[in-house]
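I set out below the points I looked up, in the order in which I took them.

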Amino acid sequence: MSGERYNPREMEPRWQKVWADRQSFVTRNDDPREPYYVLEMFPYPSGRIHMGHVRNYTLGDVVARFQRAKGKNVLHPMGWDAFGLPAENAALERKLNPGAWTRQNIAAMKKQLQSMGLSIDWTREISTCEPDYYRHQQSMFIDMLEAGLITRKKSKVNWDPVDMTVLANEQVIDGRGWRSGVPVEQRELTQWFFKISEYAEDLLSALDGLTEWPDKVRTMQRNWIGKSEGLRLRFELVDSPLHASNIEVFTTRPDTIFGASFIALSPDHPLTTALAADNPALSEFVAECRRMGTATQAIETAEKRGYKTPLMVKHPAVEGAVLPVYVANFVLMDYGTGAIFGCPAHDQRDLDFARKYDLAVKPVVLPPGADAASFAVDDIAYTDTGTIFHSGFLDGLSIEDAKKAAAAHFAARSVDGQPQGQIEVNYRLRDWGLSRQRYWGAPIPMIHCEVCGTIPVPKKDLPVVLPEDVSFDKPGNALDHHPSWKHVQCPQCGAPAQRETDTMDTFVDSSWYFARFTAPHADTPTIPAIANRWLPVDQYIGGVEHAILHLLYSRFFTRAMKATGHVGLEEPFKGMFTQGMVTHETYKSEDGRWLSPEEVRFETLEGQRQAFEIGSDSLVRIGPVEKISKSKRNGTDPDDILKVYGADAARWFILSDSPPERDVEWTEAGVEGASRFQQRIWRLVSDTVELTARSAGTARMAADAEATALRKIVHRAVHNVAADIDGLRFNRAVAQIYELTNALIRSAGLVTASPGARLAALEEGVTCLVQLIAPMMPHLAETCWSVLGKHELVADVLWPAVDPALLVDDEVTLPIQINGKRRSEITVAKGLPSAEVEQRVLSLDEIIRILDGKAAKKIVVVPDRIVNVVV
RNA sequence: GCGGGCGUGGUGGAAUGGUAGACACACCGGACUUAAAAUCCGGAGGGAGUAUUCCCGUGCGGGUUCGAGUCCCGCCGCCCGCACCA
């Protein structure tokens, strides 16, 4: 037996079948054990899994299998984020039916995932493109609409005038449609919105409670929500044309009001629009600003430009002073009030603008230590701390105090019957527009009736099923073009009416799938009691690219589901983990073609690794390690790797090489190493079984020192590996397992001489080793487990119990430092009093020699850790 | 510009303020073999020395400490996110 190699290709499908037949990973909601929910972000069914998926699902599977071994009732489901643009593109480019294309991809990817040996409960599989799923989403949409969480308003979209379609921002390249190549227009459409902005404060403050999330993600969300506290300030117009008598601005720097030298309006401000109506020059300026607006990258470098209007406002704090009103290209309509006051001395943009249009630059914040008489601002605005000066009643105050004083001052005055200044909190976060003028998405369950208005589809008529007999011959939304689908009778008055043909943003689909998994076959969106028992997800794992939108939307949606009675909690994900990317070397031929790893072979010549193109044998340039991408062709197909090395080797390698939050470089050598390690374990297990068989009947002797030493190593490894898996430090867990394996192999070589206690310790160690590798290399572990003569599955066995007595040593080896440099060491009984340690150290021959008669000034003894002699 | 992170051998990376480089990959040497693969044993941060051993070493410069990769201050470099947000 020991001569045979372990054959993953044969064993892996076999165990996958055993797990499936025994329903090993089917999770019951009424299982009394403590629940544990681990979830990886579900994939978009593009057709094939990639290395990022392999990493993501391996990480999750280790957690799932480990928690199962710890006795938890583990929920580890999988589904498909199945709506989205690529299906429509496939329809356009290859004349495929989006639904058929998607379902075929799902089938292929499911097979691939299953070949990875993931411990997934496939009975809970869901796919967002099936009416079974989205009918509940439609029903919740109606609930949320009725609860006032959804609104309908006009909003700008990118419109491709040739394809007659709305484009996502990433489909706009240099201001042009990605397919048509024509300039994109901004169009106003009436669209549905989730009122996420009403939850801005809650979503922000609750971040503090998400202690098991990466700081990076929390910070990104915080910035995205973008809270800023300031003052809404009203400036009286000198003349009041056009029904307006004042201009409202938002500022976070009311302390600098005495430095104000102009007012700037957004090109989209209502007052601008009114002024432009009979002013062609202004309306041309506005149009120009809009054209700039689409080319997002140009914004950073765009010059500050303005148009001076005939309007003037009164300075709110300086009697008799007036300020000019400009329309400026850098003022955003959808933040604050769409108007600002410019204080050039203390804001870089305002300064750039003021220099261009020759406006006053009056410093009002004096830097510490600067001279009030001579301090001036040149080309760099002063934005640091200081003392307010040249500012009337604010003089001498700190910035913070001046902000408060200004707020109080303006609150007490009134303009047009309203306070001149009001404290206001603004958020960058805007409402979540969920309408997509797209076919392949969940239909929004609304009906437009000329008589009754826009009304929800009655719940009894749900789902509003997406028709799959569609044609993509015409540009635009295929759903809108369907000959019959949108024509319905109004459910209220019976008159002919039209369905809403917009579909929901796919982010809606992914904002609640984690809740659906808890009761995937229920005929309501959730069964609240069950959802509440499973949620929040204990450990959610995915890429950092979803750090903002998906996670924020899910956090909002969970709150909305709570408000509508579908769950009883607000935060969906207790633990969040963002994995790093999978990278690979890049290869380029001499004539500049990217080569895939399969097209390259390597040789080591005089210690130098060189690459050659297979076939032509011409030299290949080995390029930098980069994220795996199609364009650079530096990816390996997971299928090929699984076929050659097996799932376990791939899993093991991807866990072993880097901490999971960092990028990992996929290397052939690395996965080969994993494969070799697999064989070492297999040999160790086989040898142990053989030793046991040969020594049958030999009397067991009492434990000797050797046996105890081995047992200590084993128990320590069990303890440490558990702690490392718990902390998601898989690379360290792997290192621990390597050390244990090395120790066991060494000891297996010694056992032959004297069986008995040592063999028993070896057997215990090997049994534990198999259990330790089980979460990571589950197929190999099952094979070893059965060879060890166990009858149950290792997947069903509890994590080995650690004997605490074996974790402590009765002796410790302390390093001895002289002046902080390690010079020697001493082995003493654990817990030996410091005074005694000190005495023994000083009487060591070696220490006496090094000290060479010099007296120790001080001796630091850190019990059971280290000794430092200071001379 | 703002925010976050990271700098340790040839490489990926270990290291509650306490022996820097665990473990692995790659490499080198040896054993086995007709040979290769596989496997096993051994070596290895840099420098000096036959050697016991000594000196230097965690991006750079300071500081705190008996003791700093780790903490503090100031730089340099790289990566990521957001960005005309008033």
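How many disulfides does a search of the whole structure find? I was working with a predicted model, and the search returned zero disulfides.

**Entry 1: cysteines.** I turned next to individual cysteines. I found C493 in no disulfide, with the sulfur of C452 as the nearest cysteine sulfur, 3.6 Å away. A pair counts as a disulfide only with the sulfur atoms within 2.5 Å.

**Entry 2: the surface near RNA strand B.** I looked up which residues surround the RNA. There are 51 of them around RNA strand B, and the closest are T252, K304, R349, R732 and R865. I then sorted the surface near RNA strand B by class and recorded 20 charged, 18 nonpolar and 13 polar residues.

**Entry 3: individual contacts to the RNA.**
- To a base: a backbone N or O atom of L332 is 2.7 Å from a base nitrogen of RNA strand B.
- To a sugar or linking oxygen: a backbone N or O atom of D657 lies at 2.6 Å from such an atom of RNA strand B.
- To a phosphate: R823 places a polar side-chain atom 3.2 Å from a phosphate oxygen of RNA strand B.

I then listed the elements giving two or more residues to the surface near RNA strand B; among them are α7 (215–225), β11 (246–251), α19 (668–694), α21 (730–751) and β37 (821–829). The largest share, six residues, comes from α21.

**Entry 4: V828.** I located V828 in strand β37. Is V828 buried or exposed? Its relative accessibility is 3%, so V828 counts as buried. Leaving aside residues up to four places away in sequence, I found V828 touching D810, E811, V812, L814 and R840. I also checked V828 against T526, which is 302 residues away along the chain; their C-alpha atoms are separated by 62 Å.

**Entry 5: a hairpin.** Last, I looked up strands β23 (residues 446–449) and β24 (residues 453–456), which pair in the antiparallel sense over four bridges. The two strands, β23 and β24, form a hairpin with three residues between them. Within this pairing I noted I447 opposite I455 in β24.

Note on methods. Residues numbered from 1 in each chain as written. Chains lettered and ligands numbered in written order. Predicted model: local features only at pLDDT ≥ 70, side-chain atom pairs only at ≥ 80, totals over all residues. Heavy atoms only, no water. Near = heavy atom within 4 Å. Polar contact = N/O pair within 3.5 Å; in protein donor to acceptor, adjacent residues only side chain to side chain. Nonpolar A, V, L, I, M, F, W, Y, C, P; charged D, E, K, R; others polar. Pairing = 2+ DSSP bridges. Buried < 20%, exposed > 50% of the residue type's maximum accessible area, 1.4 Å probe, protein only. Contact = heavy atoms within 4.5 Å.
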